Amino acid sequence: MPASNTNNENSSSEKNEIRLQAFLAHCGVASRRASEQIILDGRVTVNGTVITELGTKVCNSDTVKVDGKIIHLEARKCYVLLNKPAGFVCSSSDEKGRQIAADLLKDSYKERLYNVGRLDMYSKGMIIFTNDGDFAAKLSHPSSQIEKEYIVETSQDVTEETARLLEKGVRVDNVFYKCVRCQVLKPRKIKIVLIEGKNREIRRMLESQNIGTRSLVRVRIGNIQLGDLKPGDFRDLSAVEVKGLLQLCRKN
């Protein structure tokens with residue numbers, strides 16, 4: 001039987017028990033928040049029993065499966081920066097049969113890596129993959145306030161007046177969108193910095209001003225720059241870069 005949802009601290013200490021969603025995250029299944037949904041969806045079994053309670057605790061001796069496959073704690077923590085090409089989606093699977101960004105890493109990493117944050121299918125640029133659930137949770141939490149910078153090419157001219165409006169904020173379909181900075185580089189090329197990053201936020205802000213998006217590339221996440229990494233290529237983040245991201249989270 002799976003470990004029970006107990007508050008007995010002595011028992012937990014003896015068995016080194018952790019919450020099931022944290023275990024999934026440490027195994028590289030998904031971020032902790034996404035792992036919670038996987039549990040609620042009934043996709044997880046512990047010692048043969050389907051578990052749907054988020055408070056359930058497990059230990060190393062338990063047999064944990066996701067979608068029928070046994071998972072194990074990862075021995076190595078990975079932090080990978082991918083330059084995502086257009087046409088790839090940021091998800092663990094896709095019912096529409098579209099290309100998965102994580103598949104670009106499969107031949108080089110035996111660990112199960114998942115994306116921290118997202119880029120829509122048509123957007124390009126930086127996205128971080130990891131199997132470190134704590135790292136992903138800290139970066140993804142709204143309080144982290146990590147800046148994300150984008151270079152956007154538009155189908156119409158963007159005026160300085162429009163740039164200031166986007167910094168002030170616009171409401172689209174009862175959702176408020178606001179960028180930290182918007183710099184006009186050329187009449188049809190801008191640099192935008194976001195913190196929150198709602199779904200399709202830049203595209204919707206521009207569409208509200210009757211401006212189309214021809215190309216959108218994320219070029220910076222916090223202290224990490226895209227540099228000369230080509231579309232489809234990836235690299236490991238250095239220990240200094242990982243530490244820098246976490247320091248930004250704590251600072252904010």
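View 1. Q21 is part of helix 2, which spans residues 20–26; helices here are DSSP runs of H or I with at least four residues, strands are E runs with at least two, and both are numbered from the N terminus. This is a predicted model, in which local features need pLDDT of at least 70, side-chain atom pairs count only at pLDDT 80 or more, and totals for chains, interfaces and linings use all residues. Residues are numbered from 1 along each chain as its sequence is written, and side-chain values use heavy atoms, with hydrogens and water left out. Q21 counts as buried because its relative accessibility is 7%, where buried means under 20% relative accessible area, exposed over 50% and partly exposed in between (1.4 Å probe, protein chains only). Apart from neighbours within four places in sequence, Q21 is in contact (heavy atoms within 4.5 Å) with R32, S35, E36, I39 and L54.

View 2. The strands follow the order 3-2-5-6 with antiparallel pairing, two strands being paired if DSSP finds at least two bridges between them. Strand 3 (49–51) and strand 6 (69–70) stand at the edges with a single partner strand each, so one side of each has no neighbour in the sheet. Strand 2 (residues 44–46) and strand 5 (residues 64–66) run antiparallel and are joined by three bridges; T45 has K65 as its bridge partner in strand 5.

**View 3. The two sides of helix 5.** Within helix 5 (residues 160–168), T162, A163 and L166 are buried. E161 and K168 are exposed on the other side of helix 5. The buried residues of helix 5 pack against strand 13 (170–172), strand 15 (181–186), strand 16 (189–194) and helix 6 (201–207).
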